[in-house]
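Work through the exercises below with the structure in view. Each task is followed by a worked solution.

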Amino acid sequence: MPQPPRLNAVALISPQNHPILIRTFQKGDELKYHYVAHTSLDVIEERTSGKTKPTECYLGLLYVMDDVAAYGYITPLKVKIVIALALTDSVVRDADVVMIFKALHMAFYEAVSNPFLKLDGVSESTADYSPYQAVGSMKWKRLRQAVDEIHRALCAYAP
Amino acid sequence: MIMFGSTAILPPRTKRWAEAKVLADTINVKITKFYLYNHEYALALSHCNSHMRRFADFSRGWGIGEETFEYWSWMARQYRVLAELLEQGARSTLTFPIHIPGTRTPGGAPGALGPGGAPLELDAGRTMGLNPNHALQHPGHYYYMAARCTEARRERFLASEGLTTAPGYANEKKVDHLTLALELYTKAYELFKQHSSTASQGRLTLWIAYRIALTYYESGKFEMAVRFFERITKTYRREKWNTLLRPLYTTWYACTQKLGDVELSVKLLVEMIACGDVDEPGSLQEDLLTILRSSVPSSADDVLTVDLIECEPIWDTLLIFWKPEACVGEEASFQFTLSAPANNDISNLPVDSIMIMFSDDYKPITLRHCASESSEPVRMICVNQVHLANADGQPLEVAANLRWRASDRVIVSGTILSATPITLSVSSLVVTLKESGWTIKINHDVCTTREGTIIPPYWLSSLNPVQFIPVRRDDRSNVVFRHRPHRLSVSFSHQQQALLDEEFPITVEIVNSDDRHLDVVVDILLQPAEVDEAVQYIVHNGQKSSGLIKGAECGVIAPGASVGKTFILVASGAAASRTIDVSVQSNAAGSTLPTVHRPTDLSVSSSISSLSASDTNEFLQTLVIPATAPFSVTHDVEYQISLRPARPLSELSTLVGESWDGGEVIIMTKFECVAPCSLEIEGLELKRQESNRAKVTQSSNEIDGDKFPTEYLTGDQFCNICCVSLASREYGFVEGNAVPGPGEYIVTWRRIISPSECGPSSTTRLSLPLLLPPKDSLVGFMTIPSTAKLHVPIQMHLVIRNHNTTRSAIVTVALDQSTVESFVVAGLHGGRLPTILPGAEEKVTWNLIPVECGMVRVPRVRVMDYQTGLSANDDGLSVSVDEGVPVQVIDARFGARIGDGDATGQMNQTDKIFVFP
């Protein structure tokens, strides 16, 4: 029975490739995970713009670098989610990763549905991405808390 | 394994031990290589990894654990060997799998594992996953790992520098770790570049480049590092990943400090201030001030320009125009907000002036620092109107306090005016910093916000208390100047419905309610009708067009004046709605200038008049006019067969002249007035048309004389009867062919608009219907006197004429015995007649003696044609002979057949004669 994956960092990236939220669960290594998130965009773009467009949101293992494995996910509205898993010598089940991604996607979805995010909205049009920016800012805690909750749940599940 | 595990068998750091270790490594490489040959990528990596792990464990036992440089040197070598192996492989047939989850679905080939990876394949099938450790990647990754290990090795080496006792230290000292790392990174960089697809933006390569730059920095090659940094920051700036930019700037700044490049340091500090300092806000501006105060620029007048375009802005800027559109000559008010970031300290930035530039040729607004001005959190600076660059007067310059505390806002409020239609916005912002001899010009972006901040688009409505009104239009940051719309009122007058063939006038009435003189041109487009056979055109000033009438000039209309334009629509053919598009274009040509003027604008007036050609308004209207027929016409057609015998062939006129003995047609035409209004019918004429197949012989209107002009109301009817002679059958007739009506009625009429007013005279042409004379090959004519005297013999003749041109007829005649009781009949009671040749006729005569008085029924004669039956039924000869086809017998006294002459022709001989006593 493979162990559940250990989550090191979560990154949510807007459709314009701006970071929405990058949450690291390892102290002192934030920069590294920012880089992981940024470089993952390369692989994500490569996979989504290829000849065979993926039918699923889950993009699978993006790459392995240092001691982390980066996995990618793209929502139908092109919000990219990247998670960095600690590299252990065990099989990581796709089902587990997809589950984490789905939880993160739901958390983001719920957080961004907050109508108050639009209170300071820049415009009334539907193509306004300012809630995406706002939801990750320090002012709104809901997404942050939800991501932390997912991390905690994963840690609790691990023996 | 046991050998390595026990220090007793193989003591570490002996020659033998070293040999054994190298041997083990070599074998590992060989095994990995074989796996790769077999496309078992996961197994190859798994083996490689387990080898490294096993020996890492051993290393701890040997005293060269993770804390020693020897361990990392060995690790780096392992990765490098693997990378080189893969690089070599890639040159031949080795391909690298892509770890897309779709390729590992059950049923499909587990591409990530390769066809031979049986144990892992099973494993994958069961768990649907992948050990990331076993995912083979391109060699760049392994070079990168090797470089990282080399860095770790250097770290350990530097840590153990004091302890010269460490074994191998002397050797290690000779190694230039950084060059080694650089070489590995460069290799990785090249491979990443090679393996990155065209779709990606090379972020991975940039990362490696960043590592290279760091390594250069470590090795003291600052110039190289600076060059790398310059290149890397471009992308990061564009993508606005500030978290990546900040450490980069810090290192870059350190480089420039080492290099002693003051100008670059200053530039960098400005950019770093823009980027923000999360840890110690305000320290950067202090650094900047220190540098500025402690140094002098290379030349005193030199202005140092810093481009912050596409970078993070220092201030969040926002431009709002109150209205999205303004008329030419009207002032558009705007507010330009400069807002200091909340999480960054720029309070000591020595801002001397800020210049706001507009997109068109306008004088910029300059804000100059003045410490005595208000320093409220929200400062409003009113500038008046922004003038064009070539206008007279001083450039706009206002004093303001340009020191910002966190979240301070400076709002510049003013108006702008344009004499030409244009879209205006603020194009750029130049901030000038001045401190002890230094002048720094910062090109700043406009209408941008810092990462993560959102400034809600608010319009400052009051300063005390501070109140805002949200302006959420998408186009709030620019204003569109348009010409004042021309106030023209356009109305159309015409009757409700048009009648076909009528000249239908439509009047366009244009009233100029503007204060300008307007040159008006009308275009009229008649849309194609949607029904077949519709004919239509419009007439204007004698110009006739079935489509477009372009540029009907109305001339210059003075304010308050009006112009009417009448055009005429003529619709004929089919009744259907006609669609007309009318476009009224007005042009303020040679107009007086807009009234809202200042004397300063006089110099502009020449350009206005040249541009006024474009001051065009268009008024569009679509008219749908139903067109109905004025009359509905019904025809009653009666065909009469000629009683005259066929002319013998020998007669010359049969061959050359026209013979009009093909029968006669009586056409009764009923006109009903269906127009929604009353009509005055001025005349009715039957115009004959030349035809060798039919001609009009007489018409009732010619006999009756003048019934017209008469007024007809809706629903009124009148009738006309005309006679048409048909040409004889032999000529020009094709069997079953219809004869076109040999004439047309021409009705001239007018619409009665009011009791005293009539419309123009119109002419409607209604052609006679198609004539379909009955086709009859055999016909019988019965001749009998109308009166008789009791017991005085009379004669009854029956002529059977064969009109068929090609076939002879076999005819039998039978007298109906049940109808002969009123007479004593002498003659043929029943029998066959001689064969009647084409065009010939046969005559049968009976002598009758009336034996009853009063209205007496004439004996009925049944005539049967057998020949027709034969031809109609080729194979059933006997049946046809038995049956025969009855031949129509016509009483020659009446000699008419009604309608289109269906050939059933039962003897409708209800005829009677009157017998006197």
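**Exercise 1.** State whether A:Cys155 is buried, partly exposed or exposed, and find how many disulfides the whole structure has.

Solution. The model is predicted, so local features need pLDDT of at least 70 and side-chain atom pairs count only at pLDDT 80 or more, while totals for chains, interfaces and linings use all residues. Residues are numbered from 1 along each chain as written, chains are lettered from A and ligands numbered from 1 in written order, and side-chain values use heavy atoms, without hydrogens and water.

Step 1: A:Cys155 has a relative accessible area of 40%, which is partly exposed (buried is under 20%, exposed over 50%, partly exposed in between; 1.4 Å probe, protein chains only).
Step 2: B:Cys719, at 32%, is also partly exposed.
Step 3: The search over all chains gives zero disulfides (pairs of cysteine sulfur atoms within 2.5 Å).

**Exercise 2.** Locate the largest nonpolar core.

Solution. Step 1: This core has 146 residues (buried Ala, Val, Leu, Ile, Met, Phe, Trp, Tyr and Cys joined through side-chain atoms within 4.5 Å).
Step 2: B:Trp315, B:Ile354, B:Ile365 and B:Ile416 have the most contacts inside it.
Step 3: Domain 1 (1-96 + 132-195) and domain 2 (304-482) of chain B both contribute residues, so the core lies between them (bounds from an automatic or database domain assignment).
Step 4: Apart from this core lies another, of 35 residues, including A:Val92 and B:Ala135.

**Exercise 3.** What percentage of chain A is buried?

Solution. Of the 159 residues in chain A, 57% are buried.
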